[in-house]
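Subject: Structure for your review

Dear colleague,

Please find the structure below, handed over for your records. My findings follow it.

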Amino acid sequence: MSTSLPDNAIARLMKPRSVAVIGASADPTKTAGRPVAYLTKHGFGGAIYPVNPRADVIGGLKSYPDVQSLPEAPDVGIVLLGAERAHEAVRDLAARGTAAAIVLASGYTEVGAEGARRQQQLLEAAGSMRILGPNTIGLVNLTDRITLSATGALELEDFEAGSIGVVSQSGGILGALLSRAAARGIGLSKLISTSNEADLDMADFIDHLADDEATSVIALYMEGVRNPAKFKAAALKAARKGKPVVVFKVGRSESGAAAAVSHTGALAGADRMYDALFREVGVIRAETFSDLLDLPAALVTGRRLAGRRVAVLTSTGGAGTLVADSLGTAGFETPAPDEATAAALRALQSGDHAVLDRNPIDVTLAGLQPALLRGAITSLLASPTYDAVVVIVGSSGLAMPDLMASAIRDSLPGSDKPLIVFVSPHAPGIASLLNRRGVPAFMAPESCTSALAAMLETAQWKEPAARSAPAAVDFDDLPDGPLNEAEAKNLFARFGVPCVRERIVSNAEEATAAARELGAGKVVLKILSSKITHKSDVGGVAVGIAADRVGERLGRMADEVSERTGVRPGQFLVQEMVEGGVELILGCHRDPLGSAVLLGMGGVTAELLKDTALRMVPPGGLSRDEALSLVRELRTWPLLDGFRGRKLADVDALVSAIVAFSRMIDALGERLVEAEINPVFVLPKGEGVRAADGVAVLARG
């Protein structure tokens, strides 16, 4: 689309003064009859222009035979014609000066080449006019009571307008979220179905909602990102404005890209790259579909979670245990009340019924005594021992839900700590009542944990700092295609990655001399080839060879590799043997989303254990803090940090190597097809790291 589009086109789409419905039906039970009926039903205050040459009146409104006959250029046109004719209506709307068209028809890129041709035809017909869709269900603006959609969810009578904006790449999911939110009392602001995204995409609406005063949290149902740079920019804009973005990304079971030359290609699937992308821009990933409403419902309160200490207030022990157990598995703490807090709680209730020396804090019959409940919540929110409070509403709350909800809501003004509710009985009415009063309420204990985890993630995220440009490195002399191991390590060393000492040899005599020159008691012998990457699989690696035996071993290795591959190696590497370190893998993974650094347990067990972590590579490479967080994410981090009396590993040197490797990825850009060090030995503290093997593939410069 043209870059000279009017700045307010999306604003006019979201809040039009007039709407034309092309192909409107006089039968409101048909899909083509719904948009006019819903606009009227839900109180749209602007002009509605049905367009149908075979009807004079639709929904009590004058119908027009064509777009040219409309009394004015509508801000938005809803196109209900089939794919074979929709482009004609789009062309007519564009000619009238309409800001945007919503195209509901399917039969475009989702059906193959012919559909792709029709979609291109649609874009050409639109010119500078914006297109939402095709294959969309439209959009719903609850803030202003504007329903530009045919979703059957609009048959419902009442929706809670709130501060959560929704962008979905599925039309059906838009209706599902709209109806589920209404049932749960969760207020939404805007809902947009982008679907095929021929023009306007998810990032456009994230960007718009970041500026929308009525929206404070953005929820995304995502199938994929078509323009990663645009998505990053929009998500960062929302983060900078203090508007959390929550995404439910489908496709976790998709296999990653085809296995590449190195182990890294098999370890870093596309879905993991989405994790890395979301982490980079501060987007919170919803693990379940229900999280897509649960997490925004908690985040929309604007309360920030400062730590992991949670008070669980209950009048029913079993439910309290459920919540505490769920919190514990996610790393939250449930400490007992401090003495001052326990005294404040004791003063609220006479007798010995209250259990105040542990957490969950069991205050008997709190649900039946609103004053006691209010006082207990207030005391816990004021306590320096707790960062958040979970209140459990038990069956006793069914007797007086309104008083109970009021007591919880009235406890909020004195504190900015998060307070959420677990409704233990099956009482969706109570959860809805609480949500409508601004108190996040959930029907599963795990939802409480997920909500608090999202609040903590939001509070802890920091935008990556700007990087200074690293020193320029010359790599124009390197060949195209797969590099052999020596060439790969030479490339890594140029960027500052320490490598093992080694010599290239061609025969037994040179190998013996090289081993003696390295001055090591034992050495490693390898074949040197750009065509055989996994050398150990074909007998091309021998470890721990004495210097006086290396020549003999070279001859046997050449015979074995020749027998297995049909190729007799002509060159070999003699390397110093590194012992006493932790073996890791350090690699580059490329994906349509961008480039990432992969770090994990290395050696021959890399693919078996799959203990890896990913970070997207920003311009200039990773910072030291980002590299350290990558290391600490590994399950094997304790092996580097003195586990069970082991020597501390040289983590500082590892961080430097990761930073150097990431800068190489950034500097080489598209020329670097893939790169991997496996293993990189992390030696005891003060002794550094060594890259002991390397793979690199370069595209033509």
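Strand β6 (residues 100–103) pairs with β7 in the parallel sense, over three bridges. Within this pairing, Leu-132 of β7 is the bridge partner of Ile-102. Please note that the model is a predicted one. Both strands belong to an open sheet of five strands, ordered β2-β1-β5-β6-β7, with parallel pairing. Its edge strands are β2 (47–51) and β7 (130–132), each of which pairs on one side only. From one strand to the next, the twist averages 20°. Helix α3 (residues 86–96) lies across β1 (18–22), β5 (76–79), β6 and β7, and runs at about 170° to β5.

Helix α2 (residues 34–41) has Pro-35, Val-36, Tyr-38 and Leu-39 as its buried residues. Seen down the axis of α2, these residues fall within an arc of 165°, so they line one face of the helix. In an α-helix, residues three or four places apart point the same way, because there are 3.6 residues a turn. The cover over the buried residues of α2 includes β1, β2, β3 (57–58), β4 (61–62), β5 and β9 (146–149). Just after α2, Gly-43 takes a positive phi of about 90°.

Strand β9 is also part of a hairpin with β8, with four residues between the two strands. Arg-145, in the turn, has a positive phi of about 60°. Strand β8 (residues 138–141) runs antiparallel to β9, and four bridges join them; Val-140 stands opposite Thr-147 in β9. In a regular strand, side chains alternate between the two faces of the sheet. In β9 both faces are covered: Ile-146 and Leu-148 are buried on one side, and Thr-147 and Ser-149 are buried on the other.

Turning to the aromatic residues, the structure holds seven aromatic pairs. Tyr-49 is buried, with a relative accessible area of 10%, and Tyr-64 is buried at 13%. Tyr-221 and Phe-248 form a tilted pair, 6.1 Å centre to centre and with 35° between the planes. This pair, too, links distant parts of the chain: Tyr-221 lies in strand β12 (residues 217–222) and Phe-248 in strand β13 (residues 245–249), 27 residues apart. Both Tyr-221 and Phe-248 are buried. Ring pairs link Tyr-221, Phe-248 and Phe-289 into a cluster.

As to the cysteines, the count of disulfides comes to zero. The closest cysteine sulfur to that of Cys-499 is in Cys-588, 16 Å away, which is too far for a bond, given that a disulfide needs sulfur atoms within 2.5 Å. Cys-588 is therefore in no disulfide, its nearest cysteine sulfur being that of Cys-499. Cys-499 is partly exposed, at 21% relative accessibility, whereas Cys-588 is buried, with a relative accessible area of 3%.

Finally, Arg-358 is located in the loop between α12 (339–346) and β16 (361–362). Arg-358 is partly exposed, with a relative accessible area of 48%. Leaving aside residues up to four places away in sequence, Arg-358 touches Ala-336 and Pro-337. Arg-358 and Pro-337 are 21 residues apart in sequence and 6.8 Å apart in space, C-alpha to C-alpha.

Yours sincerely

Definitions and conventions. Residues numbered from 1 in each chain as written. Predicted model: local features only at pLDDT ≥ 70, side-chain atom pairs only at ≥ 80, totals over all residues. Heavy atoms only, no water. Buried < 20%, exposed > 50% of the residue type's maximum accessible area, 1.4 Å probe, protein only. Contact = heavy atoms within 4.5 Å. Pairing = 2+ DSSP bridges. Axes fitted to C-alpha atoms, helices over the stretch in contact; angles between N-to-C directions. Arc of directions from axis to C-beta. Phe/Tyr/Trp six-rings, centres within 6.5 Å; stacked < 30°, edge-to-face > 60°.
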